[in-house]
Amino acid sequence: MTDGCRPCVVIWTIFLLSSVMGYKPVIIVHGILDGPRQFEILAKFINQSHPGTSVTTLALYDYIGSMKPLWQQVDGFREAIRPIMESTDDGVHLICFSQGGLICRGVLATLPTHNAHSLILLSSPLAGQYGDSSYLKHFFPKFIKSRLYHFCYTTCGQRISICNYWNDPHQRERYLKSSIYLAPLNGEIEHANSTAWRDSFLRIQTLVLIGGQDDGVITPWESRSLMISIAH
């Protein structure tokens, strides 16, 4: 989470939680190259606003581990989230940041018995990523965005989380053919689980999408407020 957007995210999240949550457990899922440490302030504010609230920031696929394939991460996070959900009859609230938002969507789509009450997605690339960001330049220094599809839309590329949601608008056919995560999750391609995933996701009662033009990481920034066809 960039230092510039952290205060605004904390303020907005606390405001939203004050209106949508009682004292249901809160689960926080970090983003790419993040871990629990980056969300200590947020967890502290939640407890200050709602004393006694159980807040769990999952320590799973932290930092460099966040580059693992998203389906692998979904499997891991689902098994970590499941017992927290099963421990309460009133449901839970999920707060998911950046790449973590895509992971949470995958978890909810593939967990038909989930009891997520509220899903708050902070700066998540719901419609994919296509742009130059500091973390992209770190991992792919020899590629520019117009060429990255040469790697991302391969079997090898799809083993890296960033490539799982790389959505090059100039390579639509390649994206639909190669994407093993974002395209099927968004219902952009037909598959046997489309209806089941949609119905499972729609068990949530409240969906909040937060994003803005000043993030500088998710590009285009409108990707944070787009969900292709899960609500159809």
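The legends below describe several close-up views of one predicted model.

Residues are numbered from 1 along each chain as its sequence is written. In this predicted model, local features need pLDDT of at least 70, side-chain atom pairs count only at pLDDT 80 or more, totals for chains, interfaces and linings use all residues, and side-chain values use heavy atoms, with hydrogens and water left out.

View 1. Helices (H or I, at least four residues) and strands (E, at least two) are DSSP runs, numbered from the N terminus. Of the 232 residues in the protein chain, 53% are buried. Buried means under 20% relative accessible area, exposed means over 50%, and partly exposed lies in between (1.4 Å probe, protein chains only). Take the contacts between residues at least 6 apart in sequence: 71% of them join residues at least 24 apart. A contact means heavy atoms within 4.5 Å.

**View 2. Five strands form an open sheet with parallel pairing.** The strand order is E2-E1-E3-E4-E5. Strand E2 (55-57) and E5 are the edge strands, and each pairs on one side only. From one strand to the next, the twist averages 15 degrees. Two strands pair if DSSP finds at least two bridges between them. Strands of a sheet pair through backbone hydrogen bonds, either parallel or antiparallel. E1 and E3 share 4 bridges in the parallel sense. Here Val26 has His93 in E3 as its bridge partner.

**View 3. Strand E3 (residues 92-97) runs parallel to E4, with 6 bridges joining them.** Leu94 has Leu119 in E4 as its bridge partner.

View 4. Which way do the side chains of E3 point? Val92, Leu94 and Cys96 point one way, while His93, Ile95 and Phe97 point the other way. In a regular strand the side chains alternate between the two faces of the sheet.

**View 5. Helices lie against the sheet.** Helix H2 (residues 40-49) lies across strand E1 (26-29), E2 and E3. H2 runs at about 175 degrees to E2. H4 packs on the sheet and touches E1, E3 and E4. The direction of H4 makes about 140 degrees with that of E3. Axes are lines fitted to C-alpha atoms, for helices over the stretch in contact, and angles run from 0 to 180 degrees between N-to-C directions. E3, H4 and E4 make a right-handed β-α-β unit. Right-handed means that, with the strands pointing away from the viewer, the path from the first strand over the helix to the second runs clockwise.

**View 6. Glu40 lies in helix H2.** Is Glu40 buried or exposed? Its relative accessibility is 52%, so Glu40 counts as exposed. Glu40 and Thr57 are 17 residues apart in sequence and 8.3 Å apart in space, C-alpha to C-alpha.

**View 7. The largest nonpolar core has 42 residues.** A nonpolar core is a set of buried Ala, Val, Leu, Ile, Met, Phe, Trp, Tyr and Cys residues joined through side-chain atoms within 4.5 Å. Ile81, Leu94, Leu108 and Leu119 touch the most other members. Apart from this core lies another, of 11 residues, among them Ile95, Phe97, Ile120 and Leu122.

**View 8. Helix H10 (residues 194-201) has buried residues Trp197, Ser200 and Phe201.** Seen down the axis of H10, these buried residues fall within an arc of 95 degrees, so they line one face of the helix. The arc is that of the directions from the helix axis to the C-beta atoms. Their cover includes helix H3 (70-86), helix H4 (99-109), strand E4 (116-122) and helix H9 (182-185).
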